[in-house]
Structure formats: structure tokens, C-alpha cells
Amino acid sequence: TPYEFILKGKFLAVDVETTGLHVAESNIIQIALVLFYNGEAVGKWIRYVNPGVLIPEEATRVHKITNNDLVNAPRFSEIADELHQIVTRYPLVAHNLEFDAKFIRREFERINRTVFLKYGYCTMKRQFGYPKYQVNKQRYKKLSALAEELGIHTDRPWHDAYNDALIAGRCAVKIATQKFP
């Protein structure tokens with residue numbers, strides 16, 4: 001069963017916060033990876049990233065990350081080696097995996113590097129593997145709505161990369177448990 005790696009193996013739940021929604025003109029400003037092993041969160045890697053550009057106010061309203069928060073943060077090129085070592089080891093799980101993966105790939109391209117990601121599972125599209133474009137898009141749930149539906153709670157704020165990655169991972173485990181009891 002394709003759900004087996006979620007319940008009986010390792011995967012990385014990932015989330016990024018960015019300066020905008022369009023990968024061509026936006027940058028990662030926070031990235032979090034949460035390592036899951038046998039369905040449990042066992043490790044985390046969180047970095048703030050100085051994008052080298054000002055964060056638009058509309059983006060700050062969403063994730064609450066300000067320009068002042070990133071003044072002393074490293075540039076992407078400074079975390080790229082460490083990130084590459086981690087992010088390429090295990091299948092990735094995210095809520096809207098396509099979005100997070102595009103931003104990660106694009107940041108590596110900007111520094112003339114390639115990264116080969118292992119696509120695991122998208123909790124938003126409920127898809128395994130490389131995220132596929134869907135012509136008849138169903139009404140996708142926000143991560144907060146999916147978590148509530150699955151009975152997963154958090155006291156942390158939404159649109160924080162660590163919280164969103166952790167909750168996406170827990171949602172994947174809950175979905176896998178339902179499909180593969």
C-alpha cells in the first residue's frame with residue numbers, strides 16, 4: 001500500500017513561508033522540515049531566511065514575519081548545503097506539496113544548484129508522488145480545516161512553517177491510519 005511509508009517508515013513534512021505566492025518573483029523566508037518515523041514526529045529543522053528584498057505587507061499579514069525579523073537571518077545560499085543534505089533523504093509530505101516543492105527547487109536554481117526531491121504525499125490534493133495538475137479541481141480544504149476534520153489540534157499560530165509542517169505530517173499519518181488500519 002502506498003500509505004505504508006507514512007506509518008512504517010520515515011518522511012519529512014515540509015512547509016515554507018514566502019514573500020509572495022508566485023515562485024518566479026517571490027522568495028522563501030521561513031522553512032521547516034519535521035522528520036516523522038513510524039508515524040511520530042522525531043526531529044525538526046527550522047530556518048528563517050533573509051530574502052534580500054522587502055516583504056510585502058500583504059505577505060506579512062498572512063505569516064506575521066516582518067523585515068526586522070529577518071535582518072540577521074542567513075541568506076538561502078548560506079543554508080543550502082545543510083538543507084540539501086536533509087531534504088533529499090526522505091519522501092516529502094506537505095499540505096500543497098506542489099507549492100512548497102516549487103519554492104525549494106526555485107531557491108536552489110537561483111544559486112545555480114539542482115535539488116532532486118522525493119515526492120511523498122500531498123495532504124491537500126490527497127495525492128502520492130509528483131503533484132499532478134488537476135483540471136477538475138475539487139474544493140481543497142485549508143490545512144486548518146483538514147486538521148479540524150481529522151481531530152488534530154494546535155495551540156500554535158497557522159502560517160508558521162514549523163506548525164504547518166508538523167500539522168501536515170500529523171494529518172498524513174491520520175489519513176494513512178484511516179486507509180491502512
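**Close-up 1. Helices α5 and α6 pack at an angle of about 45 degrees.** In this predicted model, the axes of α5 and α6 lie 10 Å apart. Axes are lines fitted to C-alpha atoms, for helices over the stretch in contact, and angles run from 0 to 180 degrees between N-to-C directions. α5 and α6 are therefore oblique to each other. Angles under 35 degrees count as roughly parallel, over 145 as roughly antiparallel, 65 to 115 as roughly perpendicular and the rest as oblique. Helices (H or I, at least four residues) and strands (E, at least two) are DSSP runs, numbered from the N terminus. Residues are numbered from 1 along each chain as its sequence is written, and side-chain values use heavy atoms, with hydrogens and water left out. Because this is a predicted model, local features need pLDDT of at least 70 and side-chain atom pairs count only at pLDDT 80 or more, while totals for chains, interfaces and linings use all residues.

**Close-up 2. The buried residues of α5 are Leu143, Leu146, Ala147 and Leu150.** Helix α5 spans residues 143-150. Buried means under 20% relative accessible area, exposed over 50%, partly exposed in between (1.4 Å probe, protein chains only). In α6, they meet Asp164, Ile167, Ala168, Cys171, Lys174, Ile175 and Gln178. Contact means heavy atoms within 4.5 Å. Gly151 follows α5, with a positive phi near 75 degrees.

**Close-up 3. Six strands form an open sheet of mixed pairing.** The strand order is β3-β2-β1-β4-β5-β6. Strands β3 (40-48) and β6 (127-128) are the edges, each pairing on one side only. Two strands pair if DSSP finds at least two bridges between them. β1 (residues 10-18) and β2 (residues 28-37) are antiparallel, with nine bridges. Within this pair, Val16 has Ile31 in β2 as its bridge partner. α6 packs on the sheet and touches β1, β2, β3, β4 and β5. The direction of α6 makes about 35 degrees with that of β2. Helix α3 (residues 76-87) lies across β1, β2, β3 and β4 (91-94). α3 runs at about 160 degrees to β3.

**Close-up 4. Strand β5 is largely enclosed by the rest of the structure, since four of its five residues are buried.** β5 pairs with β4 in the parallel sense, over four bridges. Tyr119 in β5 is the bridge partner of Leu92. Gly120 also sits in β5 (residues 118-122). Gly120 counts as buried, at 3% relative accessibility. Beyond its neighbours within four places in sequence, Gly120 contacts Phe5, Pro91, Leu92, Leu97, Gln127, Phe128 and Gly129. Pro56 is 64 residues from Gly120 in sequence and 31 Å away in space, C-alpha to C-alpha.

**Close-up 5. The loop between β1 and β2 holds Glu25 and Asn27.** Asn27 is buried, with a relative accessible area of 12%. Glu25 is exposed, at 56%. Leaving aside neighbours within four places in sequence, Asn27 is in contact with Glu17, Thr18, Thr19, Pro51, Val53, Phe103, Glu107 and Arg110. Glu25 touches Thr19 and Arg110, not counting residues up to four places away in sequence.

**Close-up 6. Lys64 and Arg126 have positive phi values without being glycine.** Phi of Lys64 is near 65 degrees. Lys64 lies in the loop between α2 (57-63) and α3. Lys64 is exposed, with a relative accessible area of 61%. Phi of Arg126 is near 55 degrees. Arg126 belongs to the loop between β5 and β6. Arg126 is partly exposed, with a relative accessible area of 36%.
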